Amino acid sequence: MNRRARDTRTRTRGALAAMAAALLLGACAGNAPPAPPAPAPSAASPLPDTVPTPQGLLLTADFGADTVSFVDPERGTVASVTVGRAPYGMALGADGRAWVATAEGVAVVDTRTRVRVALIPYRTATGPVTDGEYRGGGMGIALSPDGAHAYVGVNVPGATGVLEVLDTARNEVTAVVPVGRRPFDVDVSADGAEVYVTGHDSFDVTVVAADALRPRRIEVAPYGTEGGLASWLKPHYAVVRPTDGHLLLPFEGERLAVVDPRTGRTRIEPMTADTHQHGAALTPDGRLLVVGTGAVRPGDGKGPSLTVRAPDGAERVYPLQGPHEDVAVSRDGRTAYVTGGHTRDGYWNGITVVDLDTGATRRLAAGARPLGIAVL
């Protein structure tokens, strides 16, 4: 009997009720194995305030602090900027501004001067400003191709989430659209016509027309939804495939959901990592990178990894030390940067740098529980 068959049988047992109560707000806070010790802090010299930010640094959203960190990929953190409580995702504009989803609002950071220039409060009430995986406030965030709008998925504890639309010239929220529960990720079509919001706890992607702001729900549940809030088998992050506009959502290192947002149809392709999966990104040549966080329960899957999936479906799986959350790729497509922050237990304060050709890795101390990451 394979692992998924065992999982299905397990979810039907009476013990599920107790587990569901314990995991009422979602199932990404389980018994993750402890991560190996983080590397020692780097000896990188801080950047003076008067020095412009060099090209090629990394920017991380420090979920364990109130900051974003500027990280030299060879030496570690060289500067930090206070942005707001528990920053999660971020989007980087062509003008050098970073839009950071925090528990308090969307922070706007000028990455050239390393200054927060605005903090835009949410229009939606999300309860007390707190830390932790289930805190209210912004999660996924994306920019329109022309940079005129930022779209942030806002978690409302105990309720469905919303997509808040920001006018980036006026630094204010202009619209609110209902979406699924706990919007882990937000993506935008290449032409800017549609916004895609991944609802972790509602097993769905909400397609929002950028002009009329009408939402349309697509269920994405290759294992079914019978586990409800207690299920581990939920969508987390998506990427938009540029060749056809389809959404790619990895599940458990076993199934890749390929969603056509026009028709709402989902096709399932096999994957090979056999691990709980979170962050995803695309390289310039179309390879899909997927972060594996490790087995949900001991003996039920393999350890942390980074999957490198070619457009034809061929995969290489590179093992990682300890859980990770999200991934960004260098401009030349040769190097991946994987954040160790992780939304579950077992996170660590750093980044793993992965050579995508050889699988060679090195760990770099950086930030404080870093989640979102971008290459400047």
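**Exercise 1. Which strand is Ala107 found in, and is Ala107 buried or exposed?**

Work this one through on the predicted model above.

Step 1: Look up the strand. Ala107 sits in S6, which covers residues 105–110.

Step 2: Check the accessibility. Ala107 has a relative accessible area of 0%. Buried means under 20%, so Ala107 is buried.

Step 3: See who is around. Skip the neighbours within four places in sequence, and Ala107 is in contact with Val83, Ala98, Trp99, Val100, Thr102, Arg116, Ala118 and Leu119.

Step 4: Val117 is 10 residues from Ala107 in sequence, and their C-alpha atoms are 7.7 Å apart.

**Exercise 2. Describe the largest pocket: its volume, its lining and the strands that contribute.**

Step 1: Start with the volume, which comes to about 1,500 Å³.

Step 2: Find the middle. The lining has 49 residues, and Met90, Ala91, Leu92, Ala142 and Asp187 are the closest to the pocket's centre.

Step 3: Sort the lining by class. You get 30 nonpolar, 11 polar and 8 charged residues.

Step 4: Trace the lining back to strands. Those that supply at least two lining residues each include S4 (90–92), S5 (97–101), S8 (137–143) and S12 (183–188).

**Exercise 3. How many salt bridges does a search of the whole structure find, and how exposed are the partners Arg170, Asp167, Asp244, Arg297 and Asp300?**

Step 1: Get the count. The search turns up 21 salt bridges. As background, side chains of opposite charge can pair when their charged atoms come close.

Step 2: Take Arg170 and Asp167. Their side chains form a salt bridge at 3.2 Å, N to O. Arg170 is exposed, because its relative accessible area is 52%. Asp167 is at 15%, so that residue is buried.

Step 3: Move to Asp244 and Arg241. This salt bridge has an N to O distance of 2.9 Å. Asp244, at 27% relative accessibility, counts as partly exposed.

Step 4: Now try Arg297 and Asp300, whose side chains meet in a salt bridge at 3.6 Å, N to O. Arg297 is partly exposed at 28%, while Asp300 is buried at 10%.

How values were computed: Residues numbered from 1 in each chain as written. Predicted model: local features only at pLDDT ≥ 70, side-chain atom pairs only at ≥ 80, totals over all residues. Heavy atoms only, no water. Helix = DSSP H or I, 4+ residues; strand = E, 2+ residues; numbered from the N terminus. Buried < 20%, exposed > 50% of the residue type's maximum accessible area, 1.4 Å probe, protein only. Contact = heavy atoms within 4.5 Å. 1 Å grid on protein atoms, 1.4 Å probe; cavity = no way out; pocket = protein on both sides within 12 Å on 5 of 7 lines; lining within 4 Å. Points joined across faces, edges and corners; volume = space filled by probe spheres on them. Nonpolar A, V, L, I, M, F, W, Y, C, P; charged D, E, K, R; others polar. Salt bridge = Lys/Arg side-chain N within 4 Å of Asp/Glu carboxyl O.
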